[in-house]
Amino acid sequence: MTVQLVLGVQLPASATLEAFVGDVNAEARASIAQIIAGRAERLYLAGPEASGKTHLLQAACRAVGDAGKRSCYLPLGQVRQRLQPLIENLAEMDCVCIDDIDVIAGQREAEIALVGLSDALRARGSRLVAAGSRLPRELGLALPDLATRLAWGGAVCCRALDDDDKIALLVERGAQRGMTLPEPTARWILKHADSDVPTLMATLDTLDRASLAAQRRLTIPFVKQALDTV
Amino acid sequence: MANTLWQRCLTHIETRLPEKDVNLWLRPLEARFGDDGLDLMAPNEVVRDQVERELRAPIANALSELGEAPRRIRVLVGGGKQVAEPVEADAPPLTDTARHNLDARYTFESFVQGKSNQIARAAAEQAADPENMAYNPLLIYGGVGLGKTHLMQSVGHRLLTNNPRARIAYVRSEHFVNEMITAIRHNRMERFKEHYRTLDALLIDDIQFFAGKDRSQEEFFHTFNSLLEANQRIIITCDRFPKEVDGLEDRLKSRFSWGLSVAVEPPELETRVAILLSKAEFHGIELPQEVAFFIGKRVRSNVRDLEGALHRLKASAQITGATITVEFAKQALYDMLAVYDRLVTIENIQKTVAEYFKIRLADLLGKKRTRTIARPRQMAMALAKELTNHSLPEIGQGFGGRDHTTVLHACRKVKELRETDTRFDEDYVNLSRILTS
């Protein structure tokens, strides 16, 4: 297994497809599964922050690496310098996952390098997954050459989960753990805990343990007490 | 233990080097300590070269200060059990340009021909005939995603089929530039020149990226001359006619036009549909013809976007288990089509046409009926009819409250002029390309 990580970026252990939650982005998740399985060669994910793009890119990178292929996750937002030689030398990878495409929009030389990388990967039959805040044509890229290459394998729009999605997610994931989480309690959790999805899942784990230990139902007073003691 | 020592080494170096250098160049390395020294495995040549050049000494110093100085340090390219040959810092190898770099998918057989590309295809077929050097160099130009690279590489494959020992190089222009820079840096220009000047065929893609790179243009100019003098094949692509590329030397522009220049135009509807059906068959997708027409009508700009739509459709159908119908396609491609709708608006068409013909927007929308204003206005109306989903009354409204019959007349007039006036047709095609690319 060789997961090649340019810049020494460490992939979190949770960067797996199994850990990706939220039905609203089921199509993006399924499309990444196709990439991992080698049934698709390229994909573009568009969406705002906290819509799960980074998780999916990292999951693809990790899974392809775990299958013994050379994969790379490249978060452009973290590498503004010396980008060009790095990009040009990823051509030998089996799978390249490029995050934050927005960062290089309008930087002609970096865009040219990405066009070259795209063609080199295609010639080798390697996989390319990229993500940005908008669809390629709307990113403000200097080169239409790059926009068309990014969208070549199809583009999927991801969206961030809203409060109703998150409440539904808490109730559903609670039920999977054998917990009955009433909707008012879920709404209270959302209001009083950090509302990003990984934190909500961690909160659910905490409540699972606390309710088992105390043999209590997940009422708002109990949840408040359980979270206060953490 | 080895990893622990390497981690200690990195921690030590972090106190002496910028964090970004450590993250960028050292963390990707895999350290292997052995009896005879330390092997550092780099993920690629760039990392290896940088470590060899600038970071070997800090690593040696750090290990020495930790009391673990190895007998020697080698920096190699590879990962896992893969071990490359040691590299001498002063002589990194040139990229292996002896390989032709052709994509096996780009052949004449897989190229879908239509009105928009038939001349370019015919020219490419001629250029693939080793006995026929009349079209040398062959320049294929046109917008992005229209099949220039496909045609160029098809020639390469055909030449190789006819002569498997032919020395053919497909190279993107920026790759040529980077190779040259590497050759200069390592004092290996002679080898670089020899390689490129002894080819049987040089296929060089997207020469517009040479713009502004004077030294590369100089070298390419001489390579170009050498190959032509030796009667070797040259094929070039560009995203527009080279004379229109700013920053490209006049003598190069002149050379490019010595042979044959052929344009690849955006595919017309019938070709777009044929491309979709052909690609669908290749990918094993059951694509009803009415769906192909629906996509073909909405996605007009280039072949890559057509393929992108097809891939999206395929994935959505696989995920949902649904049958591909026009309604399904509308849903699956909603986001992509919405972008087209947002980008091609009546206002945008008016602005683009006014700029193209260098007339004032107010005149385009006003009442003047002189030909210099009326023709662009009619063209803008026809483009709005073709490229948007607006009705004739809506378009008339957008052009200063004109009647829908005026728009209808404009569309008919434009159709007639396109058939009789080549210059008018060129302008129309150019504008259509600008608006949809």
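Colleague: Is Cys158(A) buried or exposed?

Modeller: Cys158(A) counts as buried, at 6% relative accessibility; buried means under 20% relative accessible area, exposed over 50% and partly exposed in between, with a 1.4 Å probe and protein chains only. This is a predicted model, where local features need pLDDT of at least 70, side-chain atom pairs count only at pLDDT 80 or more, and totals for chains, interfaces and linings use all residues. Residues are numbered from 1 along each chain as its sequence is written, chains are lettered from A and ligands numbered from 1 in the order in which they are written, and side-chain values use heavy atoms, leaving out hydrogens and water.

Colleague: How many disulfides are there over all chains?

Modeller: Zero in the whole structure, a disulfide being a pair of cysteine sulfur atoms within 2.5 Å. For Cys158(A), the nearest cysteine sulfur is that of Cys157(A), 7.5 Å away.

Colleague: And Cys411(B), buried or exposed?

Modeller: Cys411(B) is buried, with a relative accessible area of 18%.

Colleague: Switching topic: which domains does chain A have?

Modeller: Domain 1 (3-157) and domain 2 (163-228), with bounds from an automatic or database domain assignment. Their centres, taken over C-alpha atoms, are 33 Å apart.

Colleague: What area do domain 1 and domain 2 of chain A bury between them?

Modeller: About 330 Å², 64% of it on carbon and sulfur atoms; buried area is the accessible area (1.4 Å probe) that two parts lose on being put together, summed over both.

Colleague: How many salt bridges cross that interface?

Modeller: The rule finds zero, requiring a side-chain nitrogen of Lys or Arg within 4 Å of a carboxyl oxygen of Asp or Glu.
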